[in-house]
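Let's take a walk through this structure together.

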Amino acid sequence: MKISAENHPPSASCKTSTGKFTMENLFIGKNIIRLDRVDSTNNYAVGLIRGSRENPALKVFDGTIVSAKFQEQGKGQRGNSWESDAGKNLTFSIVLKPAFLPAGRQFLLNKIISLAILDFLKDCGIKQVAIKWPNDVLAEGKKIAGILIENIIQSNTIQYSVVGIGLNINQEKFTSTQAATSLKILSGKSYSLEENLLKLASFIEGRYLKLKNDLLSCENDYLNSLYRFNEWNKFNLKGTPANARISGVAEDGRLILQQENGIENHYDIKEVIFL
Ligand code: BTN
């Protein structure tokens, strides 16, 4: 079987005569577990993996999606919670088995998932989109999606990766302190969650297969889409305000910032605040 490594969905434009989106992904989303309520889809997926380790008969297929209408304890980065109105948005996790990826390169998954969300949003007609390091996707300057990836590492390779995605689709009001938006706010239209889950899964599969072919495939696209890349701006770095410029992202996922004295330093998520 030939594996497609395009960064567009193999059948994204394929619509049936009834207008329904159809998809022929190779593996991501072939198996979907749909839940009305759950604590967190990431926790549920990790539970499936643990269960399969204890009892190999309970195999978890590569590309399995766990999707929920409502999460009681949706998790965000930095120990934050992820709030999403019931039945309005996409909140799901994908189980991947990226055995081809050395543990030290795990941030590549974060990069291709962010890019796939951008591919999806552009395909929906949203023009001004960007990736805000490390895990936010912005549309017209406001957060539209967040990513939380939890990896299970064994012998220096990633045995399982649970890729959690929250993407705002039909919600119109947000209470979060960070400015948020949704597809509906941006376009004025309502969207089918089921069709758009499959469509996004298809973009993710395209980017994932491309990465598997060539670990460097996403680097240019990522930097070209990175919010504030190469621009002088104000940051809080380890508690101190500073003028700095993002000059790259290191292999371990830390942000590389250059200060006015020319010196570059690497920062992790807890050490940087965008001002
Ligand atoms: C962030 O922006 O802080 C990351 C948010 C990730 C939210 C998603 S929703 C589906 C999955 N399950 C979770 O508990 N979190 C992720």
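Start with the shell around the ligand: sorted by class, it has 13 polar, 5 nonpolar and 3 charged residues. Keep in mind as you look around that this is a predicted model. In total, 21 residues surround the ligand, and the closest are Ser40, Gln71, Lys75, Gln77 and Lys143.

Where does that shell come from? Four elements each supply at least two of its residues: helix H1 (41-54), strand S3 (90-96), strand S6 (142-154) and strand S7 (157-167). Of these, S6 gives the most, with 4 residues. As for where the ligand is found, it sits in the largest pocket.

In serine 40, an N or O atom of the side chain is 2.8 Å from an oxygen atom of the ligand. Glutamine 77 takes part through its backbone instead: a polar backbone atom there is 2.7 Å from a ligand oxygen. Then there's asparagine 135, with a polar side-chain atom 3.1 Å from an oxygen atom of the ligand. So how much of the ligand does the protein bury? Taken alone, the ligand exposes 420 Å², and the protein buries 98% of that.

Tryptophan 133 and proline 134 are joined by a cis peptide bond, with omega at about 0°. You'll find proline 134 in the loop between strand S4 (129-132) and strand S5 (136-139). Move on to the loop between S5 and S6 and you come to glutamate 140. This residue isn't a glycine, yet glutamate 140 has a positive phi of about 50°.

Last stop: the aromatic rings. The count here comes to 5 aromatic pairs. To describe a pair of aromatic rings, you give the distance of the centres and the angle of the planes. Take phenylalanine 27 and tyrosine 208: their ring centres are 5.8 Å apart and their planes are at 55°, so this pair counts as tilted. The label follows because planes under 30 degrees apart count as stacked and those over 60 as edge-to-face, with the rest being tilted. This pair also links distant parts of the chain. Phenylalanine 27 is in the segment before strand S1 (32-38), while tyrosine 208 belongs to helix H4 (residues 193-213), and the two are 181 residues apart.

How values were computed. Residues are numbered from 1 along each chain as its sequence is written. This is a predicted model: local features need pLDDT of at least 70, side-chain atom pairs count only at pLDDT 80 or more; totals for chains, interfaces and linings use all residues. Side-chain values use heavy atoms; hydrogens and water are left out. A residue is near a molecule or strand if one of its heavy atoms lies within 4 Å of it. A polar contact is a pair of N or O atoms within 3.5 Å; within protein, one must be able to donate a hydrogen and the other to accept it, and residues adjacent in sequence count only if both atoms are side-chain atoms. Accessible areas come from the Shrake-Rupley method with a 1.4 Å probe; for residues, only the protein chains shown count as cover. On a 1 Å grid over the protein atoms alone, a cavity is a set of points where a 1.4 Å probe fits but cannot get out, and a pocket is an open set with protein on both sides within 12 Å along at least five of seven lines; lining residues have an atom within 4 Å of a point. A molecule sits in a cavity or pocket if more than half of its atoms lie within 2 Å of its grid points. Ala, Val, Leu, Ile, Met, Phe, Trp, Tyr, Cys and Pro count as nonpolar, Asp, Glu, Lys and Arg as charged, and the others, Gly among them, as polar. Rings of Phe, Tyr and Trp (its six-membered ring) pair if their centres lie within 6.5 Å; planes under 30 degrees apart count as stacked, over 60 as edge-to-face and the rest as tilted.
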